[in-house]
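I opened the model to look up a few elements and write down what I found. The entries follow in the order I made them.

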Amino acid sequence: KIVDCPPTFTMYEFDANVNGAAVVKVPRNADFSLNVEQISEIVRLEKPKCIFLTSPNNPDGSIISDEDLLKILDLPILVVLDEAYIEFSGLESRMKWVKQYENLIVLRTFSKRAGLAGLRVGYGAFPASIIEYLWRAKQPYNVSVAAEVAACAALQNPAYLEDVKEALLQERERLFKLLKDIPFLKPFPSYSNFILCEVTSGLDAKKLKEDLAKMGVMIRHYNNKELRGYVRVSVGKPEHTDALMECLKRVS
């Protein structure tokens, strides 16, 4: 039995279902922060073995505060913290916390910061007590040669990755300010490489996505009930932002 806190990365629930685990959902608050009190109550009543958390969260880009994370770590449950987007937050990873907390796992990836999503290169920090069990479940196939070469190249070019990240962060701030000026969008502050927007003023989020697609601009729309009235915009280059804003003005 695991705890999931939607809206969040959907693969936690998917993988739990595939492996026959029950999923106990604790929905996030309206501002996408964690409902720590309800999580504590669920852990007490349901006695789940594991909770999956994402910081920055996908799809809204919010972060989990130290205060909230410490409260959850104090519960009798294994905490898996997904930091796929941490490099875009400007905050320090909690990887070092693993040495202090026996019930904490921190996951990281090359998919976002290094742009290697298709090569599936990930890593993590695990308590020594859990490593033995992970080794038993590990498949005999390791990271592919192509993925290994790409990951090594990324590690050997930190200055380039830093320059790209800084450019993205600057464009994220510009994009956020411009989206705030669109009368039918309510963007949420993001610590990631995307910005989630609530579609307001009676507009239909799915139709907005379809209208922009006809103009050659692709954004993300969600079918699940928690995010049905939302769209998500990835941060790109300045010219991508300009094209998006021009199309949004045409929609309005």
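How far apart do the end C-alpha atoms of residues 2-246 lie, and how much of the span is helix and strand? I read 44 Å for the end C-alpha atoms, with 37% helix and 17% strand in the span. I note that this is a predicted model. The span comes from UniProt, where an unreviewed entry places "domain: Aminotransferase class I/classII large" at residues 2-246.

Entry: strands 3, 4 and 5.
I looked up strand 4 (residues 78-82) and found four of its five residues buried. I then checked its pairing. Strand 3 (residues 50-54) runs parallel to strand 4, with five bridges between them. Strand 5 (residues 104-109) is also parallel to strand 4, joined to it by four bridges. Aspartate 82 turned up in both checks: it is the bridge partner of threonine 54, and it stands opposite leucine 107 in strand 5.

Entry: glycine 61.
I stopped at glycine 61, which sits in the loop between strand 3 and helix 3. Is glycine 61 buried or exposed? Its relative accessibility is 0%, so I count it as buried. Leaving out residues up to four places away in sequence, I listed what glycine 61 touches: Pro56, Pro189, Ser190, Tyr191, Ser192 and Phe194. I also took the C-alpha separation between glycine 61 and phenylalanine 32, which is 9.0 Å for residues 29 apart along the chain.

Entry: helix 2.
Which residues of helix 2 (residues 36-46) are buried? I found Val36, Ile39, Ile42 and Val43. These lie on the same side of helix 2, because they cover an arc of only 120° around the axis. The general rule I had in mind is that an α-helix has 3.6 residues a turn, so residues three or four places apart point the same way. On the other side of helix 2 I found Glu37, Arg44 and Leu45 exposed. The cover over the buried residues of helix 2 includes strand 1 (2-4), strand 2 (23-25), strand 3 and helix 3. Just after helix 2, I noted a positive phi of about 50° at lysine 47.

Entry: helix 7.
I repeated the check on helix 7 (residues 205-214), where the buried residues are Ala205, Leu208, Asp211 and Leu212. Their arc around the axis is only 120°, so they are on the same side of helix 7. I asked what they pack against and got strand 7 (185-187), strand 8 (194-199), strand 9 (220-221), strand 10 (230-234) and helix 8 (238-251). At the start of helix 7, I found a side-chain oxygen of aspartate 204 within 3.1 Å of the backbone nitrogen of lysine 206. After helix 7 comes glycine 216, with a positive phi near 90°.

In what order do the four strands of the open sheet run? I read 7-8-10-9, with antiparallel pairing. Strand 7 and strand 9 are the edge strands, each pairing on one side only. Between strand 8 and strand 10 I found five bridges in the antiparallel sense, and phenylalanine 194 stands opposite serine 234 in strand 10. Phe194 was already in my notes as one of the residues that glycine 61 touches.

Definitions and conventions:
Residues are numbered from 1 along each chain as its sequence is written. This is a predicted model: local features need pLDDT of at least 70, side-chain atom pairs count only at pLDDT 80 or more; totals for chains, interfaces and linings use all residues. Side-chain values use heavy atoms; hydrogens and water are left out. UniProt positions are given in the numbering used here, feature names are shortened, and annotations may be inferred rather than shown by experiment. Helices (H or I, at least four residues) and strands (E, at least two) are DSSP runs, numbered from the N terminus. Buried means under 20% relative accessible area, exposed over 50%, partly exposed in between (1.4 Å probe, protein chains only). Two strands pair if DSSP finds at least two bridges between them. The arc is that of the directions from the helix axis to the C-beta atoms. Contact means heavy atoms within 4.5 Å. A polar contact is a pair of N or O atoms within 3.5 Å; within protein, one must be able to donate a hydrogen and the other to accept it, and residues adjacent in sequence count only if both atoms are side-chain atoms.
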